[in-house]
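Here is a brief report on the cavities and nonpolar cores of one protein model. Please keep the sequence and structure at hand.

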Amino acid sequence: MIGPARCSAPGRCAWLLLLLGGPIAAPAALPNDMVARGRAGVVVTAEPHATEVGLQVLRDGGNAVDAAVAVALALAVTHPQAGNLGGGGFMVVRMADGRCSALDFREKAPGSAHQDMYLRADGTVDTDKVQSGASAAGVPGSPAGLALALQKYGSKPLRELAAPAIRLARTGIPVDQFLAASLQAERKALERFESTRAIFWRDGKPLQQGELLVQADLAATLERFADGGAAGFYGGRTAELIAAHMQQHGGFVTAQDLQGYAPVEREPLRGSYRGCEIIGMPPPSSGGIALLEMLNLLEPYDLRALGFGSSQYIHLLTEAMRRAYADRARWLGDPDHYAVPVAGLVGKEYANKLRASMRTDRVSEVAPGLPPGAHESDDTTHFSIVDAAGNAVACTTTINSTFGAGEVCAGAGFLLNNEMDDFSAKPGVPNQFGLVGGRANAIAKDKRMLSSMTPTIVLKDGKPLLVLGAPGGGRIITAVLQVLLNVVDHGMDLETAVRAPRVHHQWQPPWLSYEPLALAPEVRDRLAAMGHTFADAPMAIGRVQAIAVLGDGERVAVCDHRSGGAAGAQ
Ligand code: DON
């Protein structure tokens with residue numbers, strides 16, 4: 001879930017800083033810019049050490065995929081709220097020679113999983129079992145996915161790219177304000193696990209800002225991965241530790257599940273919007289489909305003329321969002337287990353049909369499960385990287401909640417994911433993000449749970465224009481949509497586009513969420529008169545890490561002011 005909203009420097013986001021009690025600067029040697037510009041490589045991540053690790057790989061001659069692997073491993077150490085070895089993710093790659101790829105290293109349900117595994121005898125969902133501790137964990141995908149990305153598109157040895165993460169884990173990093181605040185905020189969820197306290201607690205309480213976080217077990221796990229590649233995680237000592245931990249603590253993942261895990265290289269989803277080409281993540285992410293569906297719905301309208309922040313603009317956004325999220329709930333799941341009608345959903349004809357029910361003057365009925373054409377046979381963190389040659393990577397990885405399942409795998413030193421909650425544990429019952437689903441996303445053995453992660457690359461004239469993505473649960477997709485619209489429709493520069501306040505509607509629950517300053521009082525009144533209802537209080541909607549490549553070749557990397565982290569140029 002979106003944790004405490006975060007900022008990393010004075011003036012970046014006054015209302016969020018209030019929640020934390022004021023800004024504290026990052027260590028001097030680390031990148032500390034929210035915006036970085038350059039003509040060679042640029043990197044933006046949610047944590048400054050990780051940004052620096054990525055920049056160093058680029059300086060040493062690595063490409064964007066090399067840098068992405070090193071950044072992801074560094075985040076597993078320096079950003080334990082979401083960075084991970086024990087989770088999964090998606091990586092959208094666009095190489096300068098035109099090759100594109102969508103790497104799927106989403107976690108999978110264990111082999112013993114079944115539809116009712118999180119239901120109590122009375123038929124209600126056992127939220128604790130599906131969200132907390134070993135029982136909530138799916139089979140990790142990140143190590144295998146990073147190894148595959150490197151093998152297919154990278155150029156450097158894994159050992160070299162893992163070295164900075166191993167060093168950071170072994171020598172330790174001072175706990176920064178964000179990690180300290182997150183540990184404090186999640187104290188209840190974490191302290192019940194002895195293996196977690198052993199690493200993140202000192203003197204009976206969570207590590208405080210400035211204290212050293214040393215992760216010796218994680219360093220050893222990373223070393224085994226660096227030496228053996230995927231086999232050094234899914235087999236040998238690490239696999240033994242995971243399987244033993246699962247057996248002792250009520251988890252379902254077995255040594256056989258680990259042996260059987262394989263990432264999938266998928267065809268990226270492609271669409272168009274106002275002359276741009278959109279390269280997105282296909283299922284088991286809902287991000288690419290929902291983004292394209294919303295863009296298709298909005299394309300005929302002159303959004304710029306309606307004006308950013310106007311009631312008409314927000315109304316149309318909302319109407320598009322409601323339809324895309326209703327389809328998400330009805331149609332989307334793991335394509336290897338459910339016939340997701342991808343082409344139907346992202347087709348312009350389907351959008352034309354859906355648009356017919358949209359009204360410009362008031363909230364209109366969304367018919368859940370409107371058939372989109374024939375069936376075909378069948379705390380998250382995002383970083384964006386563009387290297388000097390123009391290779392681009394958008395990568396989002398997750399352990400689901402902030403600190404995942406809250407439980408560290410004893411001896412292996414990494415936090416377990418609680419990704420099983422991204423399945424629909426019971427049809428129509430919302431998960432922790434309020435998202436509902438049905439058969440398409442029902443739990444089944446070896447199935448991947450549906451995701452909202454939306455790593456996206458936008459091309460203009462065959463070259464990258466935007467590389468972006470975000471954490472934020474169900475709000476990821478609408479955050480990415482709005483930054484894209486802010487640049488393409490409203491002509492904002494990237495920093496303004498990322499900073500601009502956002503809104504969100506996910507069909508169910510049936511209200512509009514909004515950030516502070518997103519709805520001027522008269523706009524809110526007009527929307528209410530059109531039939532809109534509103535969430536009780538403003539909330540952060542995604543934390544976007546984005547790169548724009550300008551017409552003259554300059555690259556601008558922007559770290560969301562809602563997030564910690566840093567942008568850097570090579
Ligand atoms: O894959 C998904 O959609 C979720 N596990 C993402 C969770 C998330 O973004 C939490 N972050 N703030």
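## Cavities and cores

Thirteen residues, given as 13 in the count, line the second largest cavity, and Ala 76, Pro 80, Gly 83, Phe 414 and Leu 415 lie nearest its centre. A cavity is a set of points on a 1 Å grid over the protein atoms alone where a 1.4 Å probe fits but cannot get out; lining residues have an atom within 4 Å of a point.

This is a predicted model: local features need pLDDT of at least 70, side-chain atom pairs count only at pLDDT 80 or more, and totals for chains, interfaces and linings use all residues. Residues are numbered from 1 along each chain as its sequence is written, and side-chain values use heavy atoms, without hydrogens and water.

The largest cavity has 22 lining residues; Arg 328, Asp 422, Asn 431, Leu 435 and Leu 450 are the closest to its centre.

| Cavity | Volume | Lining by class |
|---|---|---|
| Largest | about 160 Å³ | eight nonpolar, ten polar, four charged residues |

Volume is the space filled by probe spheres set on the points, with points joined across faces, edges and corners. Ala, Val, Leu, Ile, Met, Phe, Trp, Tyr, Cys and Pro count as nonpolar, Asp, Glu, Lys and Arg as charged, and the others as polar.

The largest nonpolar core has 97 residues. Leu 519 is among those with the most contacts inside it. Such a core joins buried Ala, Val, Leu, Ile, Met, Phe, Trp, Tyr and Cys residues through side-chain atoms within 4.5 Å. Buried means under 20% relative accessible area (1.4 Å probe, protein chains only).

Methods
Buried means under 20% relative accessible area, exposed over 50%, partly exposed in between (1.4 Å probe, protein chains only). On a 1 Å grid over the protein atoms alone, a cavity is a set of points where a 1.4 Å probe fits but cannot get out, and a pocket is an open set with protein on both sides within 12 Å along at least five of seven lines; lining residues have an atom within 4 Å of a point.
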